Amino acid sequence: FDPRQARCEFERILRGDRWLALIWNRFDREEEQDFSAFLRECRRFSFCSTIRADWAQFIGGARSAANAPNQDDRGYEEFERTQRAAFDWLAFLETTYDDVNEPVGNALTTGTNADRYKNQSWGLETGVRRKNQRGGEVELFQRWGREEDNSRFLDPNPQRATRLELQYTQPLMRGAGRAYNQSLFVLAQIQLDQSSDAVANDLQDHLVKVTEAYWELYRTRAEFLQRRKLLASARRILANLEGRREVDAVERQVFRARTAVANRESEMLRAETRIRNWQSRLRLLVNDPALVHSGNREFMPIDSPVLWEVPLSKADSLHTALLNRPDISRAIRDARAASVKLGVARKDILPKLDFVASSYIAGLADASDGGKAFGNQFSEGRPAFSVGLNFEVPIGNRAAHAQAKRRQRELNHTSCGCCNR
């Protein structure tokens with residue numbers, strides 16, 4: 001609102017001493033002050049009006065304008081990307097420098113009369129590694145090194161050595177299998193579904209509150225009409241008794257009739273208060289701007305309760321509940337997540353047995369020509385390889401067994417909770 005532009009527009013339209021009528025659903029105090037700043041006289045009137053809306057309009061406003069939770073989880077993409085990062089390629093670089101200076105205790109150490117062995121070596125290792133969805137890990141790296149010492153056995157001295165190596169490690173027992181290594185993905189999807197169930201549950205609870213408020217408003221208005229008829233009847237009886245006071249009506253009957261009228265009037269006031277309370281609750285729950293800014297308008301429910309029997313069967317009701325109730329769906333997902341965790345815990349009980357295979361090519365040259373050593377690893381000799389097994393088992397393995405028992409209890413607890421629902 002721009003007061004300067006509004007004043008110019010008012011002066012253009014109005015000629016002389018004229019009145020301007022501004023009609024609002026709600027007139028804010030700040031806007032009233034802005035208008036009063038350049039209007040000579042500002043009067044304010046309020047009128048009551050009725051808003052007629054059926055149940056479809058109320059529920060539509062609740063779904064579109066209410067502060068209801070959104071079913072889309074914004075953090076799902078980031079969460080999924082974080083879980084999949086466990087199987088991304090990882091680049092690494094390691095470098096070391098060693099300076100050895102130690103006494104000689106064996107003539108074969110240096111092959112000379114030197115009393116101390118001196119060695120300077122530098123190494124650099126860089127490559128990539130990645131873990132696959134079956135638990136295996138592949139690693140490809142290149143090594144560069146330079147070495148120089150005071151021994152006559154090192155030839156050439158100084159020298160450069162290179163080595164290109166490929167390694168692969170595959171678990172065969174503990175940590176093996178796609179189900180074990182994809183458990184994070186499965187748990188992430190279950191967690192997303194649980195979030196969706198929670199959102200659906202909150203949304204259904206909100207719509208239930210809107211429904212209850214709508215029909216409570218209907219009931220209180222119907223009660224208000226009934227009490228108004230009772231009040232009119234009580235007033236007619238009181239007027240009849242007062243007119244016959246000089247004939248056959250006693251003072252006690254007139255007093256009782258007046259008391260009944262007073263009670264009916266107080267009940268009418270309480271009924272009006274309940275109507276206003278339920279209207280305010282509907283405004284709060286639906287949060288539709290057309291209702292929030294409605295001022296003193298009354299809400300008049302249009303839909304009436306169903307007066308005919310709705311056939312329901314137990315089997316259909318159970319089937320619908322299993323498909324649509326978020327709490328049941330959440331309990332089933334909790335049981336599934338506990339089952340996945342139990343499967344991982346049982347895998348961890350197994351001993352560690354890994355198959356290890358590696359192959360490499362190596363090159364060697366004088367330190368004065370570093371590129372030659374790198375080329376020699378491809379042109380001289382042949383690839384070497386090695387295969388083997390690594391076995392490891394904790395004595396007693398108490399931690400893994402305790403974890404498996406804990407996961408079993410969690411599964412039993414969630415299964416019982418699902419059955420109780």
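Modeller: Before we start, one definition: two strands pair if DSSP finds at least two bridges between them. Keep in mind too that this is a predicted model.

Biologist: Thanks! What makes strand 4 and strand 5 a pair?

Modeller: The definition asks for at least two bridges. Strand 4 (residues 137-149) and strand 5 (residues 159-171) are joined over 11 bridges, in the antiparallel sense. With 11 bridges against a required two, they therefore pair.

Biologist: Which residue in strand 5 is the bridge partner of phenylalanine 141?

Modeller: That is glutamate 165.

Biologist: And what lies between these two strands?

Modeller: The loop there holds proline 156 and also proline 158. The peptide bond from aspartate 155 to proline 156 is cis, with omega near -5 degrees. Another cis bond runs from asparagine 157 to proline 158, with omega near 0 degrees.

Biologist: Zooming out, what makes strand 2 and strand 8 edge strands?

Modeller: They belong to an open sheet of 6 strands in the order 2-3-4-5-7-8, with antiparallel pairing. Strand 2 (90-103) and strand 8 (384-392) each pair on one side only. Neighbouring strands in this sheet are turned by 20 degrees against each other on average, ignoring direction. The whole protein chain has 13 helices and 8 strands.

Biologist: Tyrosine 97 sits in strand 2. How do you know whether tyrosine 97 is buried or exposed?

Modeller: Compare its value with the cut-off: exposed means over 50% relative accessible area. Tyrosine 97 has 53%, so tyrosine 97 is exposed.

Biologist: How many of the 421 residues count as buried, as a percentage?

Modeller: The share is 27%. The accessible surface of the protein chain comes to about 28,800 Å², with 52% of that belonging to carbon and sulfur atoms.

Notes: Residues are numbered from 1 along each chain as its sequence is written. This is a predicted model: local features need pLDDT of at least 70, side-chain atom pairs count only at pLDDT 80 or more; totals for chains, interfaces and linings use all residues. Side-chain values use heavy atoms; hydrogens and water are left out. Helices (H or I, at least four residues) and strands (E, at least two) are DSSP runs, numbered from the N terminus. Axes are lines fitted to C-alpha atoms, for helices over the stretch in contact, and angles run from 0 to 180 degrees between N-to-C directions. Buried means under 20% relative accessible area, exposed over 50%, partly exposed in between (1.4 Å probe, protein chains only). Accessible areas come from the Shrake-Rupley method with a 1.4 Å probe; for residues, only the protein chains shown count as cover.
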